[in-house]
Amino acid sequence: MTIDVEAVETSSLGDRTYLAHDGRVAVVVDPQRDIDRVLALAGRLGVRITHVVETHLHNDYVSGGLALAKVTGAAYVVAAADAVAFDRVRVVDGDEITVSERMRLAVVATPGHTFHHLSYVLHGAGGPVGVFTGGSLLFGTTGRTDLLGKEHAHALALHQHASASRLADLLPDGAQVWPTHGFGSFCSATQSDASESTIGRERSANPVLRLEADEFVTTTLAGLDAYPAYYAHMGARNASGADLIDLAPVQPANADELRTRITAGEWVVDLRSRKAFARQHLAGTLSFGLDGPMSTWLGWLAPWGAPITLLGESPEQVAAAQRELARIGIDRPAAAATGTPQQWAGGDTSRLGELITATFADLAAARAGRPPHGLPAPDVLLDVRMGNEWRAGHVDGAVHIPLPDLAHRLDDVPLGVVWVHCGSGYRAAAATSLLVRAGRRVVHIDDAYARAAEAGLPIITTDKKDI
């Protein structure tokens, strides 16, 4: 009987959970909060979950590990050095976990992403099959080292280099690498498009295994950008242990309640696509479409603990958003409504709005004194991308306020008509809705940033307009 490893993707957060099994029993690595997906997979495979293991106390999501262990009766394995408020199987470097006669895990200390980070080498009858690396060795990169505070980033980066080298020395080139982070997660130092990898492939391509320690540390620290504000709450939540997720339907809100919540300045969020939002929306609502990383950006921007109301085309859309938000500790939205903007407005058309949209070609024409019909000339070009994106190149004359900063820096946006862009249009839609809610006149550039240069707009790399 062979050992199989199944990945449960959480693409919205850029993470993977793994279920390794021998056809009868299984071990689950780094489960997300919504454990029903893992239970369903185990059911389809006809295997019993006997062990749940954590590589580290996660900073980017609330773990479902404790809840999964309770539901299944599995042993819950967490680093002995991690201070947690629940009973668990304590493991340290060098320990072995026997999952079955055919399958065992060897515990390897791999500090770097956190101080007590562990990796688990999966052994079968023929030797090591691969390694669950959590936030240590990722595809083409490593987990970032600054999440426990900038004061620890340098020391942890040195640990990260040593840990990756240790894994490469321990394992054969053919051993699979199964990271938790690195598929868009802000826990990753950089991003990679790879979908799978081996120790041999990482040895030849990953900077952590090609650079000397000092050069790796310098390069890694220089490339780190901001990370979501809600990360500050994840570690403590995981150390205390999260209960079973509550995905019961959210309390419905009628048109009058939506008006009250919007008037109070609450975060009333439209989950439809940004194009649907632009065509028509309930005035005062904010665009965080489910067709993008909604939970990451909404969780980052909204004040922690603030009431959030969800608007969707269907109950299924609201339920999907509710699940995504619960993964980052926003357990219960304040209210929800489904249907159309006209229904949310209670038939009052004065409560409806639309967005003006444009392309980079439109911007180039407007700057040349030929604004397309119906588009107001830009007084301000606002770039809401992240700092590393801005420094890599931006449109000359733009001002820069990263989207995560915009909600509390609206007064820093210069006066006049604001044209807003990001890298693809998703973040710009959120930024545009924030500015419109604040009473500004805004044009949403719903276009890929690569088309800015194609449109003839000059691209520079200085920070002279970074406000």
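I call a residue buried under 20% relative accessible area, exposed over 50% and partly exposed in between (1.4 Å probe, protein chains only). Residues are numbered from 1 along each chain as its sequence is written. The model is predicted, so local features need pLDDT of at least 70, side-chain atom pairs count only at pLDDT 80 or more, totals for chains, interfaces and linings use all residues, and side-chain values use heavy atoms, with hydrogens and water left out.

Helices (H or I, at least four residues) and strands (E, at least two) are DSSP runs, numbered from the N terminus. In α10 (residues 294-301), eight of its eight residues are buried, among them Trp297 and Trp300. Their cover includes β12 (267-270), β15 (308-312) and α16 (426-437), judged by contact, meaning heavy atoms within 4.5 Å.

Next, a sheet. I found an open one of five strands, ordered β18-β23-β22-β19-β21 with parallel pairing. Its edge strands, β18 (356-358) and β21 (399-400), each pair on one side only. Two strands pair if DSSP finds at least two bridges between them; β18 and β23 (residues 442-445) have three, in the parallel sense. Ile356 sits opposite Val443 of β23.

Then I checked Leu244, in the loop between α7 (231-240) and α8 (255-263). Leu244 counts as exposed because its relative accessibility is 55%.

Last, the record: an unreviewed UniProt entry annotates residues 375-461 as "domain: Rhodanese", though such annotations may be inferred rather than shown by experiment. That stretch is 31% helix and 21% strand, and its end C-alpha atoms lie 28 Å apart.
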